[in-house]
Amino acid sequence: MTNTKDKEAKGGEEDESEPRWRIGDRVYALWAGNNCYYVSTIAEVSEADRTVVVTWDDADTSHRRVSFDQVMRPSDETTAWSRARIEKRATVRHTKQKGRCLFTNEACEPGQVVFVERPLLVALPAVAPKLWECLQKLHEVRPLNLGTITFHFAALVSVLTLEPGDIDVIRDKYVPEPDEEPNEDVIRILKALQDAELDGESNKICKLEAKSFQRLVSAWRYNSFGHHKEDGLVLYNRISMCAHSCDPTCCWSYGDEDAFVLRSRMALEKGGELTISYLQDEDLLKSTSVRQQKLQNWKFTCMCPRCSLKVDVGRGIRCQRCKVGVLYPQVPTGGFETCKVCGSSPSSEDTQMLLNMEEEYVARVDSLDKKDLDDVQTVYQAALDIFERHWILYVMDTILWEGQRQKNIMEAMEHQRRRIDFHQHYYFRPTFILAWCHEELGDCMVQQFPSRKWHLMQEFQRAYRMLAILCGTTHQYTASPYNKLWQVSSTNNSANANGANTETSESRKPVAQVSISM
Ligand SMILES: [Zn+2]
Ligand SMILES: [Zn+2]
């Protein structure tokens, strides 16, 4: 059982992209009974047919032979990969329309980890507390134009803590105007810091030129992510080459020590572009024009497949004549399609009136007070007479679902169903929103209709399958609906006598919560 020969053949370096399994390794392995990963120990390794035999922790004796690609180290999906391993998986290439973008070197299945990257820098207040305090004071005296000190703080922390090579990597990130002159905030901060008492090697900041500082601030502004727990920013090297799409090919979650776990959201061919969404999931459900407006924060016009559609089906208006058909606006002309039921189309006068009304409602919904449910209800009801399959109805369905969940569960469930319908109609991809809609609806069903087992299982199954793609089968988010599914399917089997669902007939215990101990 020695691997020395193989190692030599590869130039003495272990090929990290292909973990080598050894007897006794503690691993997650796929149990074919339900396609969930469980903790086990490797008992046999067969290099010839690329399989291992595992001993399950719960002593189950079925499906013990597992192929190499269905075995993973407990940390494989959460611990940052080496730079070399990432390079092997993804390549930066220059494109005509969008500049530098990121592409996969291998085909990916939905939910497959593309790579896991460690941050280049995590700029939290604790890294340089004196500097943070100093900037905060400046901001209190006169607020910075960006409305926050985090970008300037992160830029200065980069100078304080990173090697020159890594600072250059940050400076080289996407910035809309690379030669931008230093603005008043940058000059003001540098001046104030000249005499301030700072952390560590403050002379590095004294030597910093205003223009260079400005460039770093912009690099952070256009490429970083908000830290998921604290007030601060995180910047990644490869990830910041990912372009935006309103229909992104990838999704992501956090791994160990702020690592960025990038997964494919859909099947990707070799050479396919890796994109993420710079917008929140809920903004992806808003109309093309609203998305485009929000993306102005990054100073580009999105040309993704969804933004290029000629008809925006997230802005439906009920046909004024037959009251049955739904009309959608055509993007280039601004007019509406012909009604598919009565064949009429609004006159240009009516079109203008409808568009004005839409604009008024958008503004009204924007300013709604989520706590004033009566008011939301009034606006919602009035809007239902005019709109159908419109994103503003989705926004109000969300407020009403959240507001009524405790008090009026039946009403709330109806809003939740409508949220799911709209999401599927407008943007049918796995998203955390859609997965949780199903899980929450399943929770309500358990309370209200515990005997409708087929329905409960369907909601939990959908949530489970989507979350498995979005953050992997061993993530706690995914374990939640899986465990509910298991609970439902293991209670009172008579309700399932017609065999409506056999999927989990072979399922065993719930998924363990990362309980592996090495
Ligand atoms: Zn777009
Ligand atoms: Zn009609």
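User: Leaving aside its neighbours within four places in sequence, which residues is Leu 279 in contact with?
Analyst: In this predicted model, Leu 279 sits in the loop between strand E15 (273–276) and helix H9. Its relative accessible area is 7%, under the 20% cut-off, so Leu 279 is buried. Leaving aside neighbours within four places in sequence, the residues in contact with Leu 279 are His 244, Leu 284, Arg 291, Lys 294, Leu 295 and Trp 298.

User: How many Å apart in space are Leu 279 and His 244, C-alpha to C-alpha?
Analyst: His 244 is among the contacts of Leu 279. The two residues are 35 apart in sequence. From C-alpha to C-alpha, the distance between them is 8.5 Å.

User: Which residue in E11 stands opposite Gly 226?
Analyst: E10 is joined to strand E11 (residues 233–235) by two bridges, and the strands run antiparallel. Gly 226 has a residue of E11 opposite, namely Leu 233.

User: What is the bridge partner of Arg 315 in E18?
Analyst: Two bridges join E16 to strand E18 (residues 387–390), and the two run antiparallel. The bridge partner of Arg 315 in E18 is His 390.

User: Which residue in E17 stands opposite Ile 317?
Analyst: E16 is also joined by two bridges to strand E17 (residues 326–327), again running antiparallel. In E17, the residue opposite Ile 317 is Leu 327.

User: Is Ser 158 buried or exposed?
Analyst: Ser 158 is found in helix H4 (residues 150–161). Leaving aside its neighbours within four places in sequence, Ser 158 is in contact with Leu 121, Ile 167, Ile 170 and Trp 220. Its relative accessibility is 0%, under the 20% cut-off, so Ser 158 counts as buried.

User: What is the phi of Ala 59 near?
Analyst: Ala 59 lies in the loop between strand E3 (51–56) and strand E4 (65–67). At 60% relative accessibility, Ala 59 counts as exposed. Most residues other than glycine have a negative phi. In Ala 59 the value is positive, near 70°.

User: What is the relative accessible area of Lys 299?
Analyst: Lys 299 also has a positive phi in a residue other than glycine, near 60°. The residue is placed in the loop between helix H9 (288–295) and strand E16 (315–318). Lys 299 counts as partly exposed because its relative accessible area is 42%.

User: What percentage of the residues in the protein chain is buried?
Analyst: The protein chain has 16 helices and 18 strands, and its C-alpha trace spans about 80 × 75 × 45 Å along the principal axes. It exposes about 25700 Å², of which carbon and sulfur atoms supply 49%. Of the 518 residues, the buried ones make up 50%.

User: How many Å apart are the centres of the positive and negative side chains?
Analyst: The protein chain carries 64 positive and 74 negative side chains. The distance between the centres of the two sets is 3 Å.

User: What average pLDDT does the protein chain have?
Analyst: A score of at least 70 is reached by 91% of the residues. Over residues 494–505 the pLDDT is below 50, and this stretch has 13 contacts in the model beyond near neighbours in sequence. Residues 512–518 are also below 50. Averaged over the protein chain, the pLDDT is 88.

Conventions
Residues are numbered from 1 along each chain as its sequence is written. Chains are lettered from A and ligands numbered from 1 in the order in which they are written. Side-chain values use heavy atoms; hydrogens and water are left out. Helices (H or I, at least four residues) and strands (E, at least two) are DSSP runs, numbered from the N terminus. Buried means under 20% relative accessible area, exposed over 50%, partly exposed in between (1.4 Å probe, protein chains only). Accessible areas come from the Shrake-Rupley method with a 1.4 Å probe; for residues, only the protein chains shown count as cover. Lys and Arg count as positive and Asp and Glu as negative; His and the chain ends are not counted. The place of a charge is taken as NZ of Lys, CZ of Arg, CG of Asp or CD of Glu. pLDDT is the predictor's confidence in each residue, from 0 to 100. Contact means heavy atoms within 4.5 Å. Two strands pair if DSSP finds at least two bridges between them.
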